[in-house]
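Visitor: Please give me a close look at one part of this model. Then place that part in its wider setting.

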Amino acid sequence: TTLSHISHTSPSTASPSTMRNGRRIKRPLRRPILSSASRNSTALETIFLIGLVIAVFIAFWLYQLVSILVSSSVSGPEPVVSLPGVPSPGGLLQQQQQQQGQVGQSQAVISAGGLRGKVASSLTGGGFKHYLDIALDLASLEPSEALATMEQNDPFQTNYFDNLLLQKETLLKRTLTIDEIKDIFPCPRLDERITLPDARVEQKAKDFRDGKDGTFLFFQHLRKAGGTNFCSLAEKNLPQKAQPHYYCMPDMGWSGNKNAGYLHSWSNEEIITRMAKQGFRIAGNEWENFAVSRHFDLPAVFATSFRKPLDRALSQFRFECIEDRGCQIKDVHKWWDRRMDLWNVYTKTFADPPVGARNQFKESEHSKQRREMMATAIDTLSKFHIVLSMEWLAYAAPQVKSILGFNDVSALTTRVRPHITQAKRDDGQEHNSLGSASIKKASWDPKEYLDAAQYKKMSEDLALDEILTEVARRMFLERLVCEDLGGGVPI
């Protein structure tokens with residue numbers, strides 16, 4: 001019976017079974033616990049694999065991002081040297097805002113006493129040495145390193161100002177007010193001013209303003225840096241008989257119409273005697289260095305005007321060669337190779353180094369000589385009563401009025417181009433109504449005009465001048481906004 005039952009059982013319905021001790025034991029069709037565990041294990045493995053893929057993707061993305069950031073910070077074209085005590089451009093605005101309260105308190109004390117630079121400097125050592133040290137450190141570097149460091153750090157905080165100034169002038173379509181200027185560049189604390197201690201001799205400026213006999217304005221004319229504007233400024237404010245006949249340069253007549261702007265070649269005694277005899281009240285020195293050992297002994301107030309060095313060099317090439325004013329070279333590469341006299345011309349002008357100084361502009365073994373030249377040039381510049389920036393001439397009126405006593409300052413916003421009939425430019429920039437934005441519009445952009453190799457070469461040949469120019473621009477800004485230096489007044 002049992003066998004018969006088994007044989008007739010349908011395979012599809014029979015349960016698996018086994019015999020144990022003569023008894024048949026049925027095995028279950030499924031093992032529910034193991035089956036459930038198997039399903040859970042499969043799900044976990046799937047989740048784990050998906051998570052692993054995501055984790056690998058994120059790790060790879062982070063690795064790429066870090067690689068890019070590290071590469072951009074350490075593998076630039078030139079090494080960047082850290083300068084002690086120099087805030088980063090990004091942190092400059094925050095630093096200025098923090099200083100506002102301290103600056104206001106210091107200015108209130110100074111203004112209440114009617115103090116000017118020299119008296120104010122007795123309250124503090126000033127920041128001249130701090131910025132001098134920065135400039136000397138930069139000068140000791142190779143030109144490429146110095147330029148890269150300045151671009152990265154903006155140690156004199158002038159490029160930050162210039163960029164914001166351009167943006168605001170362009171947006172507003174006008175020059176800024178003094179309050180708007182101070183929003184960008186508030187008067188620094190006394191111990192952070194390159195203009196303190198004030199090395200200028202105020203009595204000489206006062207004697208000139210008072211019209212004292214024998215006093216005159218000594219203008220160190222840096223070619224294509226706003227010098228002709230300054231001469232026109234003098235023409236509008238001095239009697240005609242007090243003006244030399246040829247672009248404010250009296251030695252044209254002294255030399256029998258052979259030379260003009262070569263005052264280094266004349267002794268102090270000759271300059272004083274001839275200026276007094278002819279009643280001239282301005283003397284321009286364009287083609288020779290400032291004689292640092294003796295020119296400050298003249299009975300004069302001293303002024304000069306800077307321009308961004310590469311812009312100035314390209315403007316001279318355009319003015320002399322492209323517009324056919326005595327130069328036949330149309331290739332800027334050939335022209336620059338022949339004009340080694342223009343390499344770091346600002347630094348040579350105000351340092352008055354021995355002949356052959358250009359051989360020391362590069363190479364590490366000449367770093368000491370570069371430091372010495374820069375130290376002399378900055379010391380000389382600090383004694384000039386007026387240091388202007390061509391890009392910011394539209395904001396120079398307060399200094400010109402208070403130091404020189406000139407009332408007609410219209411020449412500061414009028415583009416003056418010597419020998420204009422030889423090659424008239426129709427660029428719509430005869431009147432500067434946009435300040436630095438107007439100057440930029442009228443100038444050739446070196447990055448657009450020059451190829452990359454020539455831009456690099458000319459920039460490095462002017463590296464010392466780039467440093468000195470930023471020093472000059474900071475001097476101008478401090479004197480523009482700081483009340484104890486005659487600034488902070490409506491423009």
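Guide: Helices (H or I, at least four residues) and strands (E, at least two) are DSSP runs, numbered from the N terminus. The model is predicted: local features need pLDDT of at least 70 and side-chain atom pairs count only at pLDDT 80 or more, whereas totals for chains, interfaces and linings use all residues. Residues are numbered from 1 along each chain as its sequence is written, and side-chain values use heavy atoms, leaving out hydrogens and water.

The overall picture comes first. The protein chain has 21 helices and six strands. Of its 491 residues, 47% are buried. Buried means under 20% relative accessible area, exposed means over 50%, and partly exposed is in between (1.4 Å probe, protein chains only). Take the contacts with a separation of 6 or more: 76% of them join residues 24 or more positions apart. A contact means heavy atoms within 4.5 Å.

The part to look at is helix 17, with the strands around it. Helix 17 covers residues 397-404, and six of its eight residues are buried, so the rest of the structure largely encloses it. The buried residues are A397, P398, Q399, V400, I403 and L404. What covers them includes strand 3, strand 5 and strand 6. Helix 9, helix 10 and helix 21 are also among the cover. After helix 17 comes G405, with a positive phi near 75°.

Now take the strands in turn. Strand 3 (216-220) has five of five residues buried, so it too is largely enclosed. F216, F218 and Q220 lie on one side of strand 3, L217 and F219 on the other, and both faces are covered.

Strand 3 has two parallel partners here. Two strands pair if DSSP finds at least two bridges between them. Five bridges join strand 3 to strand 5, with F216 partnered by A300. Four bridges join strand 3 to strand 4, residues 282-285. There, Q220 stands opposite N285.

Strand 5 (residues 300-306) also pairs with strand 6, in parallel, over four bridges. F306 has S389 as its bridge partner. Strand 6 spans residues 386-389. I386 and L388 point one way and V387 and S389 the other, and all four are buried.

Helix 21 is part of the cover over helix 17. Helix 21 runs over residues 463-481 and holds both E478 and R474, four residues apart, about one turn of the helix. Those two form a salt bridge, with the closest N and O atoms 2.8 Å apart. A salt bridge is a side-chain nitrogen of Lys or Arg within 4 Å of a carboxyl oxygen of Asp or Glu. E478 is buried because its relative accessible area is 0%. R474 has 1%, so R474 counts as buried as well.

The structure holds 27 salt bridges. Some are linked: D162, K308, E391, E470 and R473 form a network. E323 and R318 make another bridge, at 3.8 Å, N to O, and both residues are buried. R174 and E180 meet at 2.9 Å, N to O. R174 is partly exposed, because its relative accessibility is 31%.

Helix 9 (202-209) is a further part of the setting. The loop between helix 8 and helix 9 holds R200. R200 is buried, at 7% relative accessible area. Its side chain makes a polar contact of 3.0 Å with that of D198. A polar contact is a pair of N or O atoms within 3.5 Å; within protein, one must be able to donate a hydrogen and the other to accept it, and residues adjacent in sequence count only if both atoms are side-chain atoms.

Last, a contrast in the accessible surface. Helix 2 (residues 32-74) carries I58, which is partly exposed at 42% relative accessibility.
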